[in-house]
Amino acid sequence: MGKNNKWLDPNKINKRQQDRYCKFCKQKATQVRILKHENICEDCVQRLRSEKKGRYACKGCGKIAPQQLKENNGYCKDCICKICGKADPKFVQQHGFCKECFQLIGTDCKKCGKEAEAQVKRNDGLCDNCAGR
Ligand SMILES: [Zn+2]
Ligand SMILES: [Zn+2]
Ligand SMILES: [Zn+2]
Ligand SMILES: [Zn+2]
């Protein structure tokens, strides 16, 4: 899916889509780009992203992903640790895990013990060989 598919474009909408509007400010799909899944216009998306309140926009990175936020206490899946689920936006976005899990995993393969830091991080604790890559 391309990036543009998420938005209704005022210049490209069909008849049925003309009636859609932003659920916050009520701007119409004929006036402004609207995020299809959530019915939120571009202006409101920007506002929500900067507020980062955790209901529509992730408290960590500001991504609009209401379903993920509901499941993860206000954070999108890119901001929570893949292993323990803890929110640690800055660290997780860099490493994929929270600080504690990152240290736990270490740099050695859990299966064969080979030291291969990059591979181990990439494969949740396994080297490329053991991960079957
Ligand atoms: Zn709006
Ligand atoms: Zn996030
Ligand atoms: Zn963790
Ligand atoms: Zn291994």
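**Close-up views of a predicted model**

**View 1. Four cysteines hold the zinc ion (ligand 3).** The zinc ion (ligand 3) is coordinated by the SG atoms of Cys 81, Cys 84, Cys 98 and Cys 101, at 2.2 to 2.3 Å. The model shown here and in the other views is predicted. The site of this zinc ion is tetrahedral, with angles of 104 to 118° among its 4 donor atoms. Along the chain, the donors follow the spacing C-x2-C-x13-C-x2-C.

**View 2. Cys 84 and Cys 101 link distant parts of the chain.** Cys 84 lies in the loop between helix H2 (66-71) and helix H3 (89-95). Cys 101 belongs to helix H4 (residues 99-105). Cys 84 is partly exposed, at a relative accessible area of 44%. Cys 101 has 7% relative accessibility, so this residue counts as buried.

**View 3. Phe 24 and Tyr 56 pair edge-to-face.** The structure holds 2 aromatic pairs; Phe 24 and Tyr 56 form one of them. Their ring centres are 5.2 Å apart, with 85° between the planes. The pair links distant parts of the chain, 32 residues apart. Phe 24 sits in the loop between strand S1 (7-8) and strand S2 (34-35). Tyr 56 sits in the loop between helix H1 (42-51) and H2. Phe 24 has a relative accessible area of 33% and is therefore partly exposed. Tyr 56 counts as buried, because its relative accessibility is 15%, and buried means under 20%.

**View 4. Phe 91 and Phe 102 pair edge-to-face.** The ring centres of Phe 91 and Phe 102 lie 5.3 Å apart, and the angle between the planes is 80°. This pair links helix H3, which holds Phe 91, to helix H4, which holds Phe 102. The partners are 11 residues apart. Phe 91 is buried, with a relative accessible area of 15%. Phe 102 is buried too, at 17%.

**View 5. Lys 121 lies over the face of Phe 102.** The distance from Lys 121 to the ring centre is 3.9 Å. The ring of Phe 102 also takes part in the edge-to-face pair with Phe 91.

**View 6. Arg 33 sits over the ring of Trp 7.** The charged end of Arg 33 is 4.6 Å from the centre of the Trp 7 ring.

How values were computed:
Residues are numbered from 1 along each chain as its sequence is written. Chains are lettered from A and ligands numbered from 1 in the order in which they are written. This is a predicted model: local features need pLDDT of at least 70, side-chain atom pairs count only at pLDDT 80 or more; totals for chains, interfaces and linings use all residues. Side-chain values use heavy atoms; hydrogens and water are left out. Donors are N, O and S atoms within 2.8 Å of the metal (3.2 Å for Na, K and Ca); water is not among the atoms, so sites may look incomplete. Four donors count as tetrahedral if all angles lie between 85 and 135 degrees; four count as square planar and six as octahedral if opposite donors are over 155 degrees apart and all others between 65 and 115; anything else is irregular. Helices (H or I, at least four residues) and strands (E, at least two) are DSSP runs, numbered from the N terminus. Buried means under 20% relative accessible area, exposed over 50%, partly exposed in between (1.4 Å probe, protein chains only). Rings of Phe, Tyr and Trp (its six-membered ring) pair if their centres lie within 6.5 Å; planes under 30 degrees apart count as stacked, over 60 as edge-to-face and the rest as tilted. A charge sits over a ring if NZ of Lys or CZ of Arg is within 6 Å of the ring centre and within 35 degrees of the ring normal.
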